Amino acid sequence: MEVQIRIWNKDFPTLISPWIPILLGLHLHFSRATSCPEECRCDRTFVYCNERSLTSVPLGLGEGYKTLYLHNNQINSAGFPLEMHNVASVETVYLYGNQLDEFPINLPKNVRVLHLQENNIQTVSRAALAQLLRLEELHLDDNSISTVGVEDGAFREAVSLKTLFLTKNHLSSVPIGLPEELRELRLDENRIALIAEDAFENVTGLEVLLLDGNLLTDEGIDPGAFQSLANLQTLSMARNSLMFPPPNLPTEFLVKLNLQDNQMNEIPLEAFRGLHHLERLDISNNQLQSLTQGVFDGLRGLRQLTVRNNLWLCDCSIKWVILWLKSLPASLNVRGFMCQKPERVRGMVIRELTLELIQCPNSTATIPRFTQQPTLLFSSIAESATQTAFTPPRSLPTPTPSPFALPLPTAGEDRSTIVPDSPGQESLRVSFIVLNASCIQVSWVSTFTVTAYKVTWVKLGHSLIAGPMQETMVVGEREGILLQNLEPKSSYRICVDPLEAFNNYHPGDDTICSEVTTKSASFKSDDNATGPEQASQQDPSSSLLLAGLIGGAVLVVLVVMLSIFCWHMHKKGRSDSSKWKYSRGRRKDDYCEAGTKKDNSILEMTETTFQIVSLNNEQLLKGDFHIQPIYTPNGGVGFRDSQSRKNSTAYCKNSVPESDPCHK
């Protein structure tokens, strides 16, 4: 007995060791099952208590779960059980779509994301938020929170809060005491009418601020309200009652500014000054009719400008916008510049207008549309060229003769020099040299600083404008351009517009225009450099003439070949038909007598006709003969005379059966 006990004690660890993992698994399973509330369903780290018509938070929640779903219930008590506050594993709580009327207390102490939107919350206390030291994202959208309902400094208690959504509430001002770590604040769709100077003084790290759909006016915003937001990147103030953009905007990092759906009728010149990093600007749906020249000059980083649904008045005050739009790089996308007044240009895109079309006084050149980039006289100095439609102007002014003496042209060149009308205010001198039938050299000298020149040219005809207008940009350091691929013996109107500093054009003040005629294509220049260009220049009519000559020659050859073919086929047909004739070389026995003397005549057959020919030139026997065809049943034809059978003989064709005798 003692030996058996010793053996049992010795083998007990070996016997129990395989059951230890199984027992531990069962223990964890049943312990986990008991920690899930009866009203809910638990799955790994999720607790699903949503949409169960709950009026209070269920009890029995254990550790190990990270996400708690309590949304779309009827929970109306903000006093959650204390045991829930002690659950340390829960990080995300969904409580939206309930009937809470105040900010709940005793939420899980380590919650990071809290959704309380679509309730009826009216008050927010400091004590409730002081329990949530790790809260980073708080959603309070679509509640009934008012300014007086938020205890002063309540949100500051959530020291880790980075995102605060208060959209669609009843706030009349910015809540006082925002947390310092806040990065995104949404206050849109409220009743905010005032923004004090110290409203954002504690949130210097704020990056996104939404104030859309409030009651903001120019008087309600303190001039220094946004100065402390040094890190602000997005500011949206759409759907307010602003007459001007807010002053003193943060300039360091602001990249997006939304001012659409306000009542702005003017934008001051300094409104966007210093916003060098701004990339998106939206001023749509305002009351703007014109813009101050140079208002966008400081926006070096701008990538998208939206100006839709404004009351753009397309008169002379808009001409700088036309020129500015045409000088923009391809990286800048501008949308919505469309004329609303006057009626004759309503609906037209402002970029496509010409100075003649908007009836701007003292304008000497229309705004051209890009066609192609010409070859430049010096190094590569053209920036861009594209093809567009062109609206012919009503009239083009003729340049006034200059009082300066014009230099004499050199041999083989036609030179003209144009200077401003007033000798005392001469600022730009331009010369035009016709090199050959397809090239014109344009050179200029300016007495003031020019950042770029815009050269435009258009072919003139009987209807004033005979071709598309073209333009190109030339940097200010260059002093000339070579226009190539022009049509021979054609008149062109060429204009040079200087672009001063700040990217401002002054057409009509410093614009120089002249009409220049290219040489004839047959002109021979002594300059060897232009010889190949003249040789390559061809008159389009000569190409048509050459094509006509080639086509006519081909047609003549075809007619001759067809005639030869027809003549050959006709000759071959006559040769073949002669084989049907019976020649004299055949024996007389091959024929039957045909009413003549025996051996005196023979019937000669030629296709479908025949005749009696005398073989010995003797006179035929007198008497009348009538030859009658005989149609046999097998399709053959026989012949016999119709007179007395005594002296007549019938000729039988081979197709007549042998049973039918030839003589009777």
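## The Cys495–Cys513 link

Both Cys495 and Cys513 are buried. In this predicted model, the two residues are joined by a disulfide with an S to S distance of 2.0 Å. The torsion about their S-S bond is about 115 degrees, so the link is right-handed. Because Cys495 belongs to strand 22 (residues 491-500) and Cys513 to strand 24 (residues 512-517), the pair ties together parts that are 18 residues apart in sequence.

A search of the whole structure finds 4 disulfides, and the Cys495 to Cys513 pair is one of them.

## The Cys314–Cys339 link

Cys314 and Cys339 are also joined by a disulfide, with 1.9 Å from S to S. The torsion about this S-S bond is -100 degrees, and the link is left-handed. The pair connects distant parts of the chain, 25 residues apart: Cys314 is in the loop between strand 13 (304-306) and helix 5 (319-326), while Cys339 is in the loop between strand 14 (333-335) and strand 15 (414-418).

Cys314 has a relative accessible area of 1% and is therefore buried, the cut-off being under 20%. Cys339, at 0% relative accessibility, likewise counts as buried.

## The Cys40–Cys49 link

The sulfur atoms of Cys40 and Cys49 are 1.8 Å apart and form a disulfide. This disulfide is right-handed, because the torsion about its S-S bond is about 110 degrees. Cys40 and Cys49 are both buried.

## Accessibility of Cys439 and Cys566

Cys439 is buried, with a relative accessible area of 1%. Cys566, in contrast, counts as partly exposed at 46% relative accessibility.

Key. Residues numbered from 1 in each chain as written. Predicted model: local features only at pLDDT ≥ 70, side-chain atom pairs only at ≥ 80, totals over all residues. Heavy atoms only, no water. Disulfide = S-S within 2.5 Å. Buried < 20%, exposed > 50% of the residue type's maximum accessible area, 1.4 Å probe, protein only. Helix = DSSP H or I, 4+ residues; strand = E, 2+ residues; numbered from the N terminus.
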